[in-house]
Amino acid sequence: MKTRACILISLVLALAACGQGSAEWTPLPSGAEPPAACARADAEGLIAISADQLAFNVPCMVVPAGVAFVVRFTNNESEPHNVAIYTDRSKGTSVIVGDTITGPDKTVEYPVASLAAGDYYFDCSVHPAMMRGALYVR
């Protein structure tokens, strides 16, 4: 009986830990503005995000439609991470799956071809349950 209780408690704690730092991917209603907390591409098409403590520093990214851009990703911890972008949460079609890097303080740039306007999904391929978000192309 004690073994079952220990297993159940361990499972509950593991599931709770997986939920920390995660961002839910939710398509925005038509015409809605992306949240202010999103990272936004600069005038050169560069968008900078990072990872620390098994979480991205932002829940979402915003880039202009029809313009190629670069995701500059910095891994601030010793866990391996990457950025992978998909057309939707099903992950049936990938836009890019970036190389995995291990930090701390390692940076890589992922070039991304122009995308049509819409809502896309991104995650860390190594930790998709904890590290995920929305890419809004406007």
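Reader: Which residue stands opposite Ile47 in β5, and how should I read such a pairing?

Author: Strands of a sheet pair through backbone hydrogen bonds, and they do so either parallel or antiparallel. Two strands count as paired if DSSP finds at least two bridges between them, and the strands themselves (E, at least two residues), like helices (H or I, at least four), are DSSP runs numbered from the N terminus. In this predicted model, Ile47 stands opposite Val71 in β5, and strand β2 (residues 46-52) is joined to β5 by six bridges, the two running parallel. As a word on the basis of all this, the model is predicted, with local features needing pLDDT of at least 70 and side-chain atom pairs counting only at pLDDT 80 or more, while totals for chains, interfaces and linings use all residues. Residues are numbered from 1 along each chain as its sequence is written, and side-chain values use heavy atoms, with hydrogens and water left out.

Reader: Which strand pairs with β5 in the antiparallel sense, and what is the order of the sheet of four strands?

Author: Strand β10 (residues 106-112) pairs with β5 in the antiparallel sense over seven bridges, and in β10 the bridge partner of Asn75 is Lys106. The sheet is open, its order is β3-β2-β5-β10, and its pairing is mixed. Because β3 (55-56) and β10 stand at the edges with a single partner strand each, one side of each is left without a neighbour in the sheet. The pairing of β2 with β3 is antiparallel over two bridges, and Asp52 has Ala55 of β3 as its bridge partner.

Reader: Why is β5 described as largely enclosed?

Author: A residue is called buried when its relative accessible area is under 20%, exposed when it is over 50%, and partly exposed in between (1.4 Å probe, protein chains only). Five of the seven residues of strand β5 (residues 69-75) are buried, so the strand is largely enclosed by the rest of the structure.

Reader: How many strands form the other open sheet, and in what order?

Author: Six strands form it, in the order β1-β4-β12-β11-β7-β8, with mixed pairing. The edge strands are β1 (39-40) and β8 (94-97), each of which pairs on one side only.

Reader: What should I look for in a nonpolar core, and how many residues does the largest one have?

Author: The term means a set of buried Ala, Val, Leu, Ile, Met, Phe, Trp, Tyr and Cys residues joined through side-chain atoms within 4.5 Å. The largest has 26 residues, and Ile49, Val71, Phe73, Ile85 and Leu135 are those with the most contacts inside it. At least two of its residues come from each of β2, β4, β5, β10, β11 (118-123) and β12 (132-137). Apart from it lies another core, of five residues, including Cys60, Val62, Ala134 and Tyr136.

Reader: Where does pLDDT stay under 50?

Author: This score is the predictor's confidence in each residue, from 0 to 100. Where pLDDT is low, the predicted coordinates should not be read in detail. It stays under 50 over residues 1-23, whereas the chain as a whole has a mean pLDDT of 85, with 80% of its residues at 70 or more.

Note on methods
Contact = heavy atoms within 4.5 Å.
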